[in-house]
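Welcome! Take a look at the sequence and the model, and then read on.

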Amino acid sequence: MKQFQRYTALGTRQPMFFAPRVVIVMLAVLIGVHLVRVILTPGFDRFLLIMLGIVPVRYLAGSEGVLYVMPGGVAGAILPFISYAFLHADFVHLGVNSAWLLAFGTPVARRLGGWRFLLFYAICAVTGALVHVLFSAGSVVPMVGASGAISGLMGAAFRIALPAILDEGDRRLRSAVAPLTDRRFLMMSGVWVISNVIFGVTGIRVTEQVLMIAWDAHIGGFVAGILLIGLFVRWREKRG
């Protein structure tokens with residue numbers, strides 16, 4: 001009886017709603033970057049958005065592209081594939097992405113661990129940017145926001161969560177990843193993809209503004225997340 005009480009007491013010291021440290025650090029970085037931008041002059045802030053955001057026209061092939069014309073050259077063109085995920089249009093944009101990061105980043109970070117989580121996050125961000133460049137070629141509007149990477153976390157969380165709710169008493173199911181052919185996973189993914197396309201075309205109304213979302217980056221990150229999470233989970237399990 002005493003041993004059971006001790007086990008229970010130890011279990012209560014790790015509430016399920018406490019986010020992993022890596023998620024908290026990521027949230028702090030996103031908020032810190034935006035707060036720094038608030039104090040910048042409008043002109044310099046616009047310059048940062050252009051240089052550090054994804055501007056698809058920059059990557060046009062041939063003489064029509066401006067890859068070598070914009071400052072930074074090739075190196076400056078590679079950096080935005082990561083840096084865009086740390087910039088946000090406004091506090092509303094930042095708040096929405098922070099909430100989604102906390103919700104979906106927490107189960108993924110717990111499953112993968114800190115540095116694997118960061119690598120997974122970065123790959124999803126890069127994939128989302130690449131898909132956006134492909135589908136929005138010629139656009140001169142900078143794309144910013146962490147939602148491409150967070151969409152990857154969402155897809156990963158879908159595949160992690162489904163086996164866990166099948167049978168809480170079966171450790172194999174708790175440590176499994178739902179197959180891509182799982183009907184419930186396909187239904188959730190289908191609803192998410194369709195809603196992204198709809199909102200990408202129509203925009204999302206916030207008060208008197210209509211915000212346009214980069215639906216292609218969301219889907220690119222989502223697909224990367226659902227395809228890679230199984231590999232990352234097996235990698236983590238092999239390492240103990």
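At 15% relative accessibility, Phe 104 counts as buried, because the limit for that class is under 20%. Keep in mind as you explore that this is a predicted model.

**Starting point: Phe 104**

- Setting aside residues up to four places away in sequence, Phe 104 touches Leu 153, Met 154, Ala 157 and Phe 158.
- Along the chain, Phe 104 and Ile 150 are 46 residues apart, yet their C-alpha atoms are separated by 7.4 Å.
- Phe 104 also belongs to one aromatic cluster, together with Trp 100, Phe 158, Trp 192 and Phe 222.

**The chain as a whole**

- The protein chain has 11 helices and two strands.
- Reading from the N terminus, the order of elements is α-α-α-α-α-α-α-α-α-α-β-β-α.
- Of the chain's 240 residues, 41% count as buried.
- If you take the contacts between residues at least 6 apart in sequence, 75% of them join residues at least 24 apart.

**The largest nonpolar core**

- In soluble globular proteins, nonpolar side chains tend to be buried together.
- Here, the largest nonpolar core holds 46 residues.
- Which members touch the most other members of this core? They are Leu 101, Val 108, Phe 117, Phe 120, Tyr 121, Leu 153 and Ile 229.
- Two or more residues come from each of α2 (21-38), α6, α7, α8, α10 (183-202) and α11.
- Helix α8 gives the largest share of the core, with nine residues.
- Ile 229 touches Leu 112, Phe 120, Ala 156, Arg 159, Ile 160 and Val 177, not counting residues up to four places away in sequence.

**Where α6 meets α11**

- Helix α6 covers residues 91-112, and it packs against α11 at an angle of about 40°, with the two axes 9 Å apart.
- On the α6 side, the contact is made by Arg 110, Arg 111 and Leu 112.
- On the α11 side, these residues meet Ile 229, Phe 232, Val 233, Arg 236 and Glu 237.
- Sorted by class, this contact has four nonpolar, no polar and four charged residues.

**Aromatic rings**

- How many aromatic pairs does the structure hold? It holds 11.
- One of these aromatic pairs is Phe 120 with Phe 232, which is edge-to-face, at 5.2 Å centre to centre and 80° between the planes.
- Phe 120 lies in helix α7 (residues 114-135) and Phe 232 in helix α11, so this pair ties together parts that are 112 residues apart in sequence.
- Phe 120 is buried, with a relative accessible area of 0%, and Phe 232 is buried too, at 6%.
- Phe 158 and Phe 222 form another edge-to-face pair, with 6.1 Å between centres and 75° between planes.
- Because Phe 158 lies in helix α8 (residues 147-166) and Phe 222 in helix α11, the pair ties together parts that are 64 residues apart in sequence.
- Both Phe 158 and Phe 222 are buried.

- His 218 lies in helix α11, which spans residues 215-238.
- Is His 218 buried or exposed? His 218 is buried, because its relative accessible area of 10% falls under 20%.
- Beyond residues up to four places away in sequence, His 218 touches Ser 147, Gly 148, Ser 151, Trp 192, Asn 196 and Ile 213.
- Thr 127 has its place in helix α7.
- With a relative accessible area of 24%, Thr 127 is partly exposed.
- Leaving aside neighbours within four places in sequence, Thr 127 is in contact with Gly 220 and Ala 224.
- Thr 127 and Phe 222 are 95 residues apart in sequence, and their C-alpha atoms are 9.1 Å apart in space.

Technical notes:
Residues are numbered from 1 along each chain as its sequence is written. This is a predicted model: local features need pLDDT of at least 70, side-chain atom pairs count only at pLDDT 80 or more; totals for chains, interfaces and linings use all residues. Side-chain values use heavy atoms; hydrogens and water are left out. Helices (H or I, at least four residues) and strands (E, at least two) are DSSP runs, numbered from the N terminus. Buried means under 20% relative accessible area, exposed over 50%, partly exposed in between (1.4 Å probe, protein chains only). Contact means heavy atoms within 4.5 Å. Axes are lines fitted to C-alpha atoms, for helices over the stretch in contact, and angles run from 0 to 180 degrees between N-to-C directions. Ala, Val, Leu, Ile, Met, Phe, Trp, Tyr, Cys and Pro count as nonpolar, Asp, Glu, Lys and Arg as charged, and the others, Gly among them, as polar. Rings of Phe, Tyr and Trp (its six-membered ring) pair if their centres lie within 6.5 Å; planes under 30 degrees apart count as stacked, over 60 as edge-to-face and the rest as tilted. A nonpolar core is a set of buried Ala, Val, Leu, Ile, Met, Phe, Trp, Tyr and Cys residues joined through side-chain atoms within 4.5 Å.
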